[in-house]
Amino acid sequence: MDIITQPWAWYVAGPIIALVMFLLLYFGETFGVSSNLRTMCTIAGGDKYADFFKIDWRKQQWNLVFVLGAVIGGFIAAQYLSNGQGIDLNPKTVVALEQLGFQAPTAAYLPSEIFGEHSVFSLKGFLILLGAGFLVGFGTRYAGGCTSGHAISGLSNLQIPSLIAVIGFFIGGLLMTHVLLPIIF
Amino acid sequence: MKYLKFLLTGVVFGIVMAKAEIISWYRIYEMFRFESFHMYGIIGSAVILGALAVQIIKRTQLKDIEGAQITFNPKNRSIIRYLVGGTIFGLGWALAGACPGPMFVLVGYGYLSLLIVIVGAVLGTFIYGLLRNKLPH
């Protein structure tokens, strides 16, 4: 059981993600999580405001079910497959976090400086979370895909547009990590 | 029952995202500082095996579960939308420490503050839909 409850290595996770992509192709669909955000807009009535949302959302139901599965997977991992330990980061990263004003990580996933109650219920903290989501949602649709659609599905199919998108992901990510995070926090 | 296979595939996806710490803000931060191989190993091995799978599907003309041939839609040729859209996405990815998949997995894990991020992402998608015709593609 220890093998399951300890963090999984990259060479376990990568092949499973490739398998997920293959299974969705085999089921006659494609791997791409962010399409669900568009479907959610359509279901919420977005088709009244823009043609972009005039889609038959029933054809996307399988993807919503996939995401529901992902939520359940997260729940199962938390309840049954976790040893509750912290994260084994590069010590250099921990030093960088401290310079940012963040504590050394006590939990595996999220810093309380961004996601903790104290932050979430402050105006700045709330806007950071909402704004971060906004950038992801706007950017992924403009680019026509997210990490699953471009970095995994697109690159696997040797698509140049996906390579350009992934380069964009890194331009934005590096800019945020090295320039903007020290200004925001 | 048609949807059960998608649900189970999603469950596997959610578990691996959580257990390999792909849903960790810290891992994304570490990745963008180039201080760990972990995330690169995951994406790299998934793409290498994925490319192999796509080649096999194409060469064997593999049929899907319904008996229809598996096809791939090539992405539209453009630079601006992928570069600009990708950069905007990257800014959000590094700030939230989560792309669309992990956002949902984290909610399942019990981190409900991610619901705010998801609302933001839906809002961002909606605004894109409104501005779409005015943006260069």
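1. How many helices and how many strands does the secondary structure of chain A come to? Chain A comes to 10 helices and 0 strands. Keep in mind as you look around that this is a predicted model. If you read along the sequence of chain A, the pattern is simply α-α-α-α-α-α-α-α-α-α.

2. Now have a look at chain B. Its secondary structure comes to 6 helices and 0 strands, and the pattern along the sequence reads α-α-α-α-α-α. So much for the bookkeeping on helices; next come the dimensions.

3. The C-alpha trace of chain A spans about 45 × 45 × 35 Å along its principal axes. For chain B, the C-alpha atoms fill a box of roughly 40 × 40 × 35 Å, again taken along the principal axes.

4. On burial and surface: chain A has 185 residues, and 52% of them count as buried. Chain B has 137 residues, with 59% buried. The accessible surface is about 8500 Å² for chain A, and carbon and sulfur atoms hold 64% of that. For chain B the figure is about 5900 Å², with 66% belonging to carbon and sulfur atoms.

5. Contacts along the chain are worth a glance too. Take the contacts in chain A between residues at least 6 apart in sequence: 46% of them join residues at least 24 apart. Do the counting for chain B, and 41% of such contacts join residues at least 24 apart.

6. What about charge? Chain A carries 8 positive and 9 negative charges, and their mean positions are 14 Å apart. Chain B carries 13 positive and 5 negative charges, with mean positions 12 Å apart.

7. Is Thr177(A) buried or exposed? Its relative accessibility is 3%, so it counts as buried. The cut-off for buried is under 20% relative accessible area. The side chain of Thr177(A) reaches the backbone oxygen of Gly173(A) at 2.8 Å. Leaving out residues up to four places away in sequence, Thr177(A) touches Pro182(A) and also Tyr29(B), Phe32(B), Arg33(B) and Ala94(B).

8. Next, the aromatic rings. Over all chains, the structure holds 30 aromatic pairs. One of them is Phe52(A) with Tyr128(B): the ring centres are 5.3 Å apart and the planes are at 80°, so the pair is edge-to-face. This pair crosses between chains, going from Phe52(A) in the loop between α3 (35–43) and α4 (61–80) of chain A to Tyr128(B) in helix α6 (residues 114–131) of chain B. Both partners are tucked away: Phe52(A) counts as buried at 9% relative accessibility, and Tyr128(B) is buried with a relative accessible area of 1%.

9. Then try Phe138(A) and Tyr142(A). Their ring centres are 6.2 Å apart with planes at 75°, so this pair is edge-to-face. Why are Phe138(A) and Tyr142(A) separated by about one helical turn? Because they are 4 residues apart in helix α8 (residues 123–143) of chain A. Phe138(A) counts as buried at 10% relative accessibility, and Tyr142(A) counts as buried at 3%.

How values were computed
Residues are numbered from 1 along each chain as its sequence is written. Chains are lettered from A and ligands numbered from 1 in the order in which they are written. This is a predicted model: local features need pLDDT of at least 70, side-chain atom pairs count only at pLDDT 80 or more; totals for chains, interfaces and linings use all residues. Side-chain values use heavy atoms; hydrogens and water are left out. Helices (H or I, at least four residues) and strands (E, at least two) are DSSP runs, numbered from the N terminus. Buried means under 20% relative accessible area, exposed over 50%, partly exposed in between (1.4 Å probe, protein chains only). Contact means heavy atoms within 4.5 Å. Accessible areas come from the Shrake-Rupley method with a 1.4 Å probe; for residues, only the protein chains shown count as cover. Lys and Arg count as positive and Asp and Glu as negative; His and the chain ends are not counted. The place of a charge is taken as NZ of Lys, CZ of Arg, CG of Asp or CD of Glu. A polar contact is a pair of N or O atoms within 3.5 Å; within protein, one must be able to donate a hydrogen and the other to accept it, and residues adjacent in sequence count only if both atoms are side-chain atoms. Rings of Phe, Tyr and Trp (its six-membered ring) pair if their centres lie within 6.5 Å; planes under 30 degrees apart count as stacked, over 60 as edge-to-face and the rest as tilted.
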